Amino acid sequence: MPPTITAFANSPDRGKGQARDMRLRWALEEVGQPYDVRLVSFAALKDPAHLALHPFGQIPTFEDDDLALFESGAIVLHIAERHAGLLPTEPNARARATAWMFAALSTLEPPIVELGMAMLFERDKSWYAERLTMLRDRVRVRLGDLSRHLGDADWLDGAFSAGDLMMVTVLRRLNASGLLDEYPDIAAYVARCEARPAFMRAFDAQLAIFTAASKGSQDP
């Protein structure tokens, strides 16, 4: 039996490939592992059955035989460790690729998510403009660090790895901010990842769910 992941039945990202199940889909596509998807509603996230898989009532989850995992980073790391193609075989390079996975989630993602949440939910606040400037500058600090490291390299450390996969899924959350346009090298890096066939298959699969859900909501 193939592993099963969970995803939103109607994703709030409107098919833009930013919901976190995209990370799992892309990783599984990269390693050539078939998988099943169980769609969940927002209400179902709080059902006891789902909370038994994800204590915080979120997606994605991952089930494979008697193993159940939550947290996208942990799941991608598990996939990468089980299948060739996402982590180097040389121990030191493997450790560095894993470090980049943690950097994406621990160093880049928090300020990026905070910026995104402010843009979505705080526009009507009197202090929005000042806070937005501060949040954008915080993200710029991290993008500048990343840009200096990346230089003219194609990938973060040698060949494409799970570190790049996680980093780009985080960076794509900046698409609506315009900040990536200030760093052409990072924008080109993201574009290289988006051109990978595995990414495109994963994106199309996630988009198809949103398209079907949207069509269903419009049918009489």
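These legends walk through several close-up views of a predicted model. Local features are shown where pLDDT is at least 70 and side-chain atom pairs where pLDDT is 80 or more, while totals for chains, interfaces and linings use all residues. Residues are numbered from 1 along each chain as its sequence is written, and side-chain values use heavy atoms, with hydrogens and water left out.

View 1. Helices (H or I, at least four residues) and strands (E, at least two) are DSSP runs, numbered from the N terminus. Strand β1 is mostly covered, with 5 of its 5 residues buried (buried means under 20% relative accessible area, exposed over 50%, partly exposed in between, with a 1.4 Å probe and protein chains only). With β2, strand β1 pairs in the parallel sense over 5 bridges; two strands pair if DSSP finds at least two bridges between them. Look for A7 here, whose bridge partner in β2 is L39. Strand β3 (residues 61-64) pairs with β1 in the antiparallel sense over 2 bridges, and E63 in β3 stands opposite T4.

**View 2. The β-α-β unit.** Strand β1, helix α1 (residues 21-31) and β2 make a right-handed β-α-β unit. Right-handed is meant in this sense: with the strands pointing away from the viewer, the path from the first strand over the helix to the second runs clockwise.

**View 3. The F8 and F42 rings.** The structure holds 7 aromatic pairs, where rings of Phe, Tyr and Trp (its six-membered ring) pair if their centres lie within 6.5 Å; planes under 30 degrees apart count as stacked, over 60 as edge-to-face and the rest as tilted. One of these is the tilted pair of F8 and F42, at 5.0 Å centre to centre and 35° between the planes. Because F8 lies in strand β1 (residues 4-8) and F42 in the loop between β2 (36-40) and α2 (48-51), the pair ties together parts that are 34 residues apart in sequence. F8 is buried at 16% relative accessible area, whereas F42 is partly exposed at 49%.

View 4. W26, W155, F160, Y189, F199 and F203 form one aromatic cluster. Within the view, the ring centres of W155 and F160 are 5.3 Å apart with planes at 75°, so this pair is edge-to-face. W155 is buried at 15% relative accessibility, and F160 is buried with a relative accessible area of 10%. A charge sits over a ring if NZ of Lys or CZ of Arg is within 6 Å of the ring centre and within 35 degrees of the ring normal. The charged end of R192 sits over the W155 ring, 5.9 Å from its centre, and that of R196 sits over the F160 ring, 3.7 Å from its centre.
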